[in-house]
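Dear colleague,

Please find below the structure for your review.

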Amino acid sequence: MHKNKYLTAATMILFLMFSACVKSNAEDSDNTRINWQTISANEAYRMMNELDSYVLLDVRTIQEFTEIRIDGAILIPDYEIRQRAEAELTDKNAVILIYCRTGRRSALSAAILAELGYSNLYDFGGIINWPYETVR
């Protein structure tokens, strides 16, 4: 009987630990949900083909952007997101698909945009994993 209690408790602890590791949405300091999701390049491509309206946001540097980018992307470097977002991304309910080079800056930018009140954010990682056409 006691073994079952310990096994159940251990199972619950492991479940909670693993479920905390797989969250795709962040939480702020008040533990309120911040609306952004990590998706695959394939999912982003599908959304780009199915949605009538979206913003494709590149958060790399101007140099990276001019070397290679996804057609239709706008550039706001990650280090300028806080200062420029509200002036340039005026619809906080718009679907915003975000990418960078490897996925680190896009995740950070998605979290910042969520803090600023944007509600439909999709981080699809890095252009290095983008298997579709690009512009040079």
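Arg-84 and Glu-88 both belong to helix 4 (residues 81-88), and because they are four residues apart, about one helical turn separates them. Their side chains form a salt bridge, with the closest N and O atoms 2.6 Å apart. Please note that this is a predicted model. Arg-84 is partly exposed, at 24% relative accessibility, and Glu-88 is also partly exposed, at 41%.

A further salt bridge joins Lys-92 to Glu-86, where the closest N and O atoms are 2.7 Å apart. Lys-92 has a relative accessible area of 28% and is therefore partly exposed; Glu-86, with 46%, is likewise partly exposed.

In total, the structure holds eight salt bridges. One of them pairs the side chains of Glu-64 and Arg-105, at 2.9 Å from N to O. This pair links distant parts of the chain, since Glu-64 lies in helix 3 (residues 62-67) and Arg-105 in helix 5 (residues 104-115), 41 residues apart. Both Glu-64 and Arg-105 are buried.

I also examined Leu-56, which is located in strand 2 (residues 55-58). Leu-56 has a relative accessible area of 2%, so it counts as buried. Beyond its neighbours within four places in sequence, Leu-56 has contacts that include Met-48, Ile-70, Ile-74, Leu-97, Tyr-99 and Phe-124.

Yours sincerely

Methods
Residues numbered from 1 in each chain as written. Predicted model: local features only at pLDDT ≥ 70, side-chain atom pairs only at ≥ 80, totals over all residues. Heavy atoms only, no water. Helix = DSSP H or I, 4+ residues; strand = E, 2+ residues; numbered from the N terminus. Buried < 20%, exposed > 50% of the residue type's maximum accessible area, 1.4 Å probe, protein only. Contact = heavy atoms within 4.5 Å. Salt bridge = Lys/Arg side-chain N within 4 Å of Asp/Glu carboxyl O.
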